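Here is a briefing on one structure.

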Amino acid sequence: MKRKERWWMYDRYDNGRNLRPEFLRGVDEFIEFCKANPESPGLDEVRCPCPKCKNRRMHDADTVKVHVYKKGFIPDYYDWYSHGEELPRSAHEPSNPYREMIFDALGNNSEPSNVEEPSGMDEEPNPQAKVFLDLLKASEEPLYEGSSMSVLEMASRIVSLKCEYNLPHRCVDAFASLVKEAIPNNNNMSNTFYDTKKILEGLELPHERIHACPKGCMLFWRTDAHLDRCTVCDSDRYKRTSKGSLVPMKVLIYFPITPRLQRLYATKNVAEEMTWHAKNPRAEDKMAHPSDSEAWKHLDRSFDEFASEPRNVRLGLCTDGFGPHGKFGGQYSCWPVILTPYNLPPSMCMKKPFMFLIVARSWS
Ligand SMILES: [Zn+2]
Ligand SMILES: [Zn+2]
């Protein structure tokens with residue numbers, strides 16, 4: 001372990017909040033190491049280990065230095081394995097975050113080794129087990145022989161890029177087939193976005209599309225699901241497109257919260273954090289979390305039975321009229337409603353993975 005000699009990586013400042021000379025020297029040493037071990041011959045860019053670039057982006061050495069001076073290194077990066085340094089022998093098999101993602105998502109508590117492979121040649125696993133086994137296979141299967149990237153990792157990253165930049169399907173199709181052409185034959189790369197998404201099928205959380213009155217009076221749901229006019233303002237539920245097909249005037253997308261909450265409790269370290277609010281190490285006179293507030297304490301006093309179980313979920317509801325699709329919002333106009341689980345510590349409860357979108361209204 002290089003933890004001892006590389007303590008400087010996580011101790012950048014001296015008491016006067018100046019960068020320590022050991023840190024500056026260490027960073028120089030790091031850059032020298034990178035230059036001596038380029039990823040490909042002649043490449044003089046360096047993979048940036050700052051918490052923002054996370055070893056995913058490359059910059060020239062000076063930019064990387066500035067990033068690291070300002071933000072430090074990603075946590076626990078004592079071994080520079082993304083920069084070509086060998087992991088110490090004692091470190092067992094590098095963990096596969098995509099495999100962990102499957103276990104998190106499907107809430108399977110058994111260890112990977114306990115997963116029952118279907119026994120017997122003609123015995124088919126049940127549909128749920130099949131989804132699980134297919135995903136596990138995709139997390140192990142390399143994109144092509146000798147590749148360190150798995151089929152599942154590739155698919156997850158393509159879908160994530162598509163969302164991040166709101167890429168059109170056809171654009172993803174084109175890039176997917178370009179990549180397929182560029183990598184060795186006999187690969188497992190999908191040709192289209194459709195096939196890519198299929199690999200991730202079992203990981204999705206459910207959502208429901210519910211038609212709504214265009215003026216927002218009612219939902220065409222449950223006992224009203226069959227109606228085609230609003231019972232309040234008589235607006236039409238559907239309109240006819242120029243091609244003659246019927247489309248709903250307005251759709252509300254509902255993301256059921258139960259499976260999302262279950263997913264929080266399916267992950268061990270997140271489940272532990274869900275009782276954080278009860279152990280909250282308060283600092284006097286400081287408000288860092290809703291559980292420091294008088295309103296929270298009032299709630300505890302008023303509902304002592306609810307309060308006595310710290311695992312009970314406390315949600316904050318917020319909404320605003322902004323476009324969640326960012327600057328590429330395009331034709332959509334949305335009004336999201338977001339839930340925040342306030343059981344979690346301040347560092348987690350406002351982070352994206354732990355907030356749920358429960359409703360998004362959209363109309364065309
Ligand atoms: Zn960086
Ligand atoms: Zn109406």
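Asn 186 sits in the loop between α6 (169-182) and α7 (193-199). This is a predicted model: local features need pLDDT of at least 70, side-chain atom pairs count only at pLDDT 80 or more, and totals for chains, interfaces and linings use all residues. Residues are numbered from 1 along each chain as its sequence is written, chains are lettered from A and ligands numbered from 1 in the order in which they are written, and side-chain values use heavy atoms, with hydrogens and water left out.

**Loops and backbone**

- Helices (H or I, at least four residues) and strands (E, at least two) are DSSP runs, numbered from the N terminus.
- Asn 186 has a phi near 60°, a positive value in a residue other than glycine.
- Asn 186 counts as exposed, at 76% relative accessibility. Buried means under 20% relative accessible area, exposed over 50%, and partly exposed in between (1.4 Å probe, protein chains only).
- Asn 185 lies in the loop between α6 and α7 too. Asn 185 is exposed, with a relative accessible area of 69%.
- The C-alpha atoms of Asn 185 and Tyr 144 are 7.8 Å apart, although 41 residues separate the two along the chain.
- Lys 54 belongs to the loop between β1 (45-47) and β2 (58-60). Its phi is also positive, near 50°. Lys 54 is partly exposed, at 43% relative accessible area.

- Donors are N, O and S atoms within 2.8 Å of the metal (3.2 Å for Na, K and Ca); water is not among the atoms, so sites may look incomplete.
- Four donors count as tetrahedral if all angles lie between 85 and 135 degrees.
- For four tetrahedral donors, the ideal angle at a metal is 109.5 degrees.
- Cys 53, in the loop between β1 and β2, and His 67, in helix α2 (residues 61-71), link distant parts of the chain, 14 residues apart.
- Cys 53 is buried, at 3% relative accessible area. His 67 counts as partly exposed, at 22%.

**Zinc ion (ligand 2)**

- Cys 213 (SG), Cys 217 (SG), Cys 230 (SG) and Cys 233 (SG) are the protein donors here, lying 2.3 Å from the ion.
- The site is tetrahedral, with angles of 107 to 113° among its four donor atoms.
- The donor spacing is C-x3-C-x12-C-x2-C. Cys 217 lies in the loop between β3 (208-212) and β4 (219-220), and Cys 230 in the loop between β4 and β5 (238-240), so the pair ties together parts that are 13 residues apart in sequence.
- Cys 217 counts as partly exposed, at 35% relative accessibility. Cys 230 counts as buried, at 3%.

**Strand pairing**

- Two strands pair if DSSP finds at least two bridges between them.
- β3 and β7 (residues 250-254) pair in the antiparallel sense over five bridges. His 211 stands opposite Val 251 in β7, and Ala 212 opposite Lys 250.
- β7 is largely enclosed by the rest of the structure, because four of its five residues are buried.
- β3 and β4 run antiparallel and are joined by two bridges. Ala 212 has Leu 219 as its bridge partner in β4.
- The hairpin of β3 and β4 has six residues between the strands, and Gly 216 in this hairpin takes a positive phi near 85°.

**Salt bridges**

- The whole structure holds ten salt bridges. Each is a side-chain nitrogen of Lys or Arg within 4 Å of a carboxyl oxygen of Asp or Glu.
- Glu 294 pairs with Arg 301, with the closest N and O atoms 3.1 Å apart. Arg 301 is exposed, at 55% relative accessible area.
- Arg 314 and Asp 300 meet in a salt bridge at 2.8 Å, N to O. Arg 314 lies in the loop between α12 and β8 (315-319) and Asp 300 in helix α11, so the pair ties together parts that are 14 residues apart in sequence.
- Arg 314 counts as buried, at 7% relative accessibility. Asp 300 is partly exposed, at 25%.

Conventions. Tetrahedral: all angles 85-135°; square planar, octahedral: opposite > 155°, others 65-115°.
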